[in-house]
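Hello,

Here is the structure I promised to pass on. Please have a look, then read my notes below.

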Amino acid sequence: MSDALKKEILSLREEINRHNYRYYILNQPSVSDSEFDKLFKRLVQLEKENPHFLAADSPTQRVGAPLESLGKNVRHEVPMLSLDNAFSEEEAMDFDTRVRKFVKEEVIEYLVEPKYDGISSSLIYEDGLFVQGSTRGDGTIGEDVTSNLRTIHTIPLRLRMLQPDKNRGRSVPSKIEIRGEVLITKESFRTINRLQAENALPLFANPRNAASGALRQLDPSMTAKRKLHFYAWGAGKVEGFNFDTQLEILEQLQEWGFKVSSDLMLCHSITETIERHHQMEKKRSELEFELDGVVIKVNQLAYHRELGETSRHPRWGLAYKFRPMQKTTRVAQIEVQVGRTGILTPVAILDPVELGGVTVSRATLHNEGELAEKNILIGDTVFVERAGDVIPEVIKPVIEMRSGKEIRFHMPERCPVCGSETKREGAYLYCISLSCPAQIKGKIVHLCSKKGFDIAGLGIKKVDQLFEAGLLKQVSDVFYLRKDNLVQLPGWEVKSAQNLIEEIERAKRVTFPRFLYSLSMIGVGSTVAKIIGQNFGSIEELEQSSLERLTSIHGIGPELGTSVIHFFSEKRNQNVMRAILESGVQIEFSRIKSKLAWEGIKFVITGSFKTFSREELIQRIEREGGSVTTAVSSRTHFLVAGEDPGSKLIKARKLGVPVLTEMDYLEREKSLAQL
């Protein structure tokens, strides 16, 4: 009887997966909803009555139990680097010129893909089974959101097993990291925001923001309700399977059960890719998902390794952005916002206008100089656009529509928050008081942000409340909050207070770059914080650093160096840092090596290896500053030869290129690392 039950359960799973594939991937349902529901309920019943037959890849297991907290950090084996941006035809042509410096071919194939405005994510499959999913994060480390990704119907829990490929010997890789975008449709976004408004909850800024919120829900069942989609666009690490082109990857992903854009186009010149960009820009408003451009990738994967990457971007790809969307609206008022560094910023309060699926009612005017240069008056009709399709910005007034009743705005002589005097530095006006509530609250929110100490639960509203209650008077007070004080405030229960205290304790172990970022030094964002953090082994060393020492670091100029030195020289800042450290905060330091082991060395790899896969060897070499090319030449420094090396070994010997065995390579790597 058990064999018959098992056979029926397996048959139902296979049938349901087949119907899901036709419904979610092909958009060609073959049964009615009622027929599908009947099959699904039957499977649920059988698995409930026979729990020993339950499996992780069953279609009934998409929604797991609520999480106590969001997932652990996940390190991407192959970094998820962001693409460099282009905003004009000239910049796209420059990209082609850069590619041709490395690729000496008359015709270079480019694959043009839609650039979806969503949340980049990574999915790990082992022998075809989905085992882990994470967000892109900072490109190196993401967040484990496996349970929530399992709720997305366009993510197969098991890759569709097809007939083994003659050239590859198997139907799925032993391990593969599949990359793509988690998206929400424009229609679903409008529905979600309508429900948010009806329940007096904050509105999401755009579909990407709504998708991100859904993916980070503690309860997977809430994620499932958001109707998320996943579109695959590439692969990271692959074991037991080979690809030759980017197009081949996407075609194979579609066969395995993934949604892949139907708007792909293989182009044979940069002129053709630019034309495709313009075509997609014209049809963007007709598509169900938000696009902010197209992605251009060199199609041949062999050239990807030839081209390599910079510290931030791969050289084989480009994000060619669309022009920002523009509309007209009226400036109802101009207000002044005081930021965490004391800068006074004029902000236009607009008559609400929908721009690219988002309702815009505020837009920055940057500073007094720009306000005067653009000649924007209160009451003006103005052009508004979302810069990069994200940040609303006032472009210019429509002079012809002025009635004469418009009013010129003047920046205040005193801080609108604390009443202190203001001073001018270049184009900006500053509040001179370090005790200004707006600055302190802004600094606290910044310290608790994702790129800082990452303390969930201390957003601007909670910080406002705790500041008004006297529990937060300076930045370091965050680490001295007590549960007994929190529970006395409106809206705080014992559980929520305890959760925040535990979150603060968890956050007390922080990397040096995150610590530096959290201090709100002028000019020090996350990238600069990483650069500084990698070049100093302690706070004391940085505090005692000279301007000459700072500016000797690539990426740190005189103005930025002066800002850092000024920050550490102020007694108030020293006291705040001391208070933070005395609360129990521990900083993890990781100074980079002065020289990478393989810096400037060119390798060619041939054969197979026991200690590592070819992809792992390439990563090891590139991580230490070396580069890997596909062809042996007189410029090759080393050939690393494994078992069954082939013709590359013969050519290397002919050219006199040194040959390293697997053990030779490991010994050299080890000895160089110890220098």
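This is a predicted model: local features need pLDDT of at least 70, side-chain atom pairs count only at pLDDT 80 or more; totals for chains, interfaces and linings use all residues.

Which elements each supply at least two residues of the lining of the second largest pocket? They are strands E17 (422-425) and E18 (428-431), plus helices H12 (437-448), H20 (558-569) and H21 (571-582). H20 gives the largest share, with six residues. In total, 29 residues line the pocket. Nearest its centre lie Thr341, Leu434, Ile522, His566 and Glu570. By type, the lining splits into twelve nonpolar, eleven polar and six charged residues. The volume of this pocket is about 930 Å³.

**Helix H21**

H21 also deserves a look by itself. The helix has twelve residues. From first C-alpha to last it reaches 16 Å, close to the 16 Å expected at 1.5 Å a residue. Its buried residues are Asn573, Val576, Met577, Ala579 and Ile580. These cover an arc of only 160° around the axis, so they sit on the same side of H21. Exposed Lys571 and Glu582 are on the face turned away from that buried side. What covers the buried residues? The cover includes H12, helix H16 (512-518), helix H18 (539-543) and H20. Just after H21 comes glycine 584, with a positive phi of about 110°.

**Helix H15**

H15 runs over residues 494-507. Buried in H15 are Ala497, Leu500, Ile501, Glu503, Ile504 and Ala507. Seen down the axis of H15, they fall within an arc of 160°, so they line one face of the helix. The face turned away from the buried side carries exposed Val494 and Lys495. Helix H14 (483-486) and strand E19 (509-511) are among what covers the buried residues of H15.

**Alanine 456**

Where does alanine 456 lie? It is in the loop between H12 and helix H13 (460-468). Is alanine 456 buried, exposed or partly exposed? Its relative accessible area is 49%, so it counts as partly exposed, since exposed means over 50%. Leaving aside neighbours within four places in sequence, alanine 456 is in contact with Leu500 and Glu503. Both of these are buried residues of H15. The C-alpha atoms of alanine 456 and glutamate 503 are separated by 6.9 Å, though the two are 47 residues apart along the chain.

Best wishes

Note on methods
Residues are numbered from 1 along each chain as its sequence is written. Side-chain values use heavy atoms; hydrogens and water are left out. On a 1 Å grid over the protein atoms alone, a cavity is a set of points where a 1.4 Å probe fits but cannot get out, and a pocket is an open set with protein on both sides within 12 Å along at least five of seven lines; lining residues have an atom within 4 Å of a point. Grid points are joined across faces, edges and corners, and a volume is the space filled by probe spheres set on the points. Helices (H or I, at least four residues) and strands (E, at least two) are DSSP runs, numbered from the N terminus. Ala, Val, Leu, Ile, Met, Phe, Trp, Tyr, Cys and Pro count as nonpolar, Asp, Glu, Lys and Arg as charged, and the others, Gly among them, as polar. The expected span of a helix is 1.5 Å times one less than its number of residues. Buried means under 20% relative accessible area, exposed over 50%, partly exposed in between (1.4 Å probe, protein chains only). The arc is that of the directions from the helix axis to the C-beta atoms. Contact means heavy atoms within 4.5 Å.
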